[in-house]
Amino acid sequence: MSAGDLTLLRLMLQARRFDEQVLRMADRIDGHHHVSHGLEASAAALGLVRHEGDLVATNYRNHAHLICLGHDPALMLAEILGRPVAPQLGRAGSMHLAAPELGVLYTSAMVAGGVPQSLGYALALKRSGAGVSFCLFGDGALEEGVAHESLNLAMLWALPVVFVCENNAGEDSPSLTAVAEAHGVRAAVADGRRPREVVSALRDAAGHTRDTLTPSFLEVRSAEWPGNAAFFPKDVTGPTDLSAAAAQSGSPWYDADDPVLAEARELLAEGVPAERLQAVEAEVTAEIEAAAEHALTAAPASASLAEVAHSDVWAARP
C-alpha cells in the first residue's frame, strides 16, 4: 500500500463501527452474538487480498470478515435483528451470515466447523481452476480433531486453501504454527496489532497457495479485547475515537493493542493530516448509522414464524 492510503483504515473502521452498532442494539437481538474488536486487521487483509472467485469459510465471529469483503451493513444488521430479509429471512442471526456473491456460501458457528468446509471449497476450486479457499478460525478451533485432519488432508491432496488462525489468546500464549508445520503446511506469523504486517503476510500466503496449489497457514496474533471477557460482549472500551491515536493514554488497549488506532498512528506518522482521518471517521460513522436506521425500519416481521421456518427448506409439514 502506498503512503497515505486510507483504504486499510477505512475497512477496519467500518468493521469496528459495525460491531459497536451491534453492541448498542444488543437488547434487540435474540440469541448470541460476537464482535471482532481487535481482529479487524485479518478481516481487512482478507478484503484486500481475496480475488473474485475465491471462496471464504469463516466462523461465528464473522461480522468484520463480511463487512471488509463488501457486504451491505444494512442487510447484515437486519438479518442479525431477525427481520425476514432475503436471502436468509432472519434465520441466520449473527453467527450464520452468508454472502454468496462475495464467496461466503455459509458460515458455521461450530468451533472448527468451517475448517473441513474450506477443504470442500478448495477441492472444487482446484478441479475448476477458479481460485483459492480462505479459512478463518479462532485459536480454539485447533483443539478440535477435525482441524488436524483437515490440515493433513489439505497437504496430502495439495489443496489451494489458506488457513488463517485468528489467535486472540494474548501475548503470552504459545505460537500455533507448529501445528500446521507438523502436517508439512507452510506457516507464518503476523502481529494482528500491526495491520500492514497482516496484509503483507496474507498476501504472501495467498500468493504461495495460488502459485503452488498447496495449502498455507497464517497465524494472526492479537491481544484479547477486554470486552469479550463476559459471556456476552460489553463495550467496555467505548466507541473508537481516532483522535486517541495522537497521544498516549496509559491504557494497553488504546496505546498498543487496538489495530484501528495503530493504523491511524501510521498514517499520522506519514504526514496524513488529522483532519483527513476525522473526515473518514465521520463518513464511516454516518454510513453505519444510516445502515442501522434502515435495518430497523426494513422488512417488518409480517410473516408468521411458521411461514419463515418452513420456507426454502427441503420438506415442511403441511
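Predicted model: local features only at pLDDT ≥ 70, side-chain atom pairs only at ≥ 80, totals over all residues.
The lining of the largest pocket divides into 10 nonpolar, 8 polar and 3 charged residues.

**The largest pocket**

- The lining of the largest pocket has 21 residues. N59, Y60, F137, G138 and D139 lie nearest the centre.
- Helix 5 (114-128) and strand 2 (133-138) are the elements that each give two or more residues to this lining.
- Strand 2 provides the largest share, with 4 residues.

**The cavities**

- Rolling a probe the size of a water molecule over the atoms shows where empty space is left.
- The largest cavity has a volume of about 50 Å³.
- Residues lining the largest cavity include H71, L75, M76 and E79. V85, A86, P87, Q88, L97 and A98 line it too.
- By class, the lining of the largest cavity has 7 nonpolar, 2 polar and 1 charged residues.
- The second largest cavity has a volume of about 30 Å³.
- R16, H37, T237, G238, T240, W253, Y254 and D258 line the second largest cavity.

**The salt bridges**

- R17 pairs with E281 in a salt bridge, and their closest N and O atoms are 3.0 Å apart.
- R17 sits in helix 1 (residues 7-24) and E281 in helix 11 (residues 274-297), so this pair ties together parts that are 264 residues apart in sequence.
- Both R17 and E281 are buried.
- R193 and D191 form another salt bridge, at 3.1 Å from N to O.
- R193 has a relative accessible area of 14%, so it is buried, because buried means under 20%.
- D191 is buried as well, with a relative accessible area of 18%.
- E270 and R196 also form a salt bridge, with the closest N and O atoms 2.4 Å apart.
- E270 lies in the loop between helix 10 (259-269) and helix 11, while R196 lies in helix 8 (residues 195-212), so the pair ties together parts that are 74 residues apart in sequence.
- E270 is partly exposed, at 33% relative accessible area. R196 is partly exposed too, at 28%.

**A nonpolar surface patch**

- L153, L156 and W157 form a nonpolar patch on the surface. Together they have about 310 Å² of accessible area.
- L156 is in helix 6 (residues 145-156).
- L156 counts as exposed because its relative accessibility is 60%, and exposed means over 50%.

Key: Residues numbered from 1 in each chain as written. Heavy atoms only, no water. Patch = residues over 30% accessible without salt bridge, like charges linked within 9 Å, V, L, I, M, F, W, Y side chains within 5 Å. Areas by Shrake-Rupley, 256 points an atom, 1.4 Å probe, with all protein chains shown as cover. Salt bridge = Lys/Arg side-chain N within 4 Å of Asp/Glu carboxyl O. Buried < 20%, exposed > 50% of the residue type's maximum accessible area, 1.4 Å probe, protein only. 1 Å grid on protein atoms, 1.4 Å probe; cavity = no way out; pocket = protein on both sides within 12 Å on 5 of 7 lines; lining within 4 Å. Points joined across faces, edges and corners; volume = space filled by probe spheres on them. Nonpolar A, V, L, I, M, F, W, Y, C, P; charged D, E, K, R; others polar.
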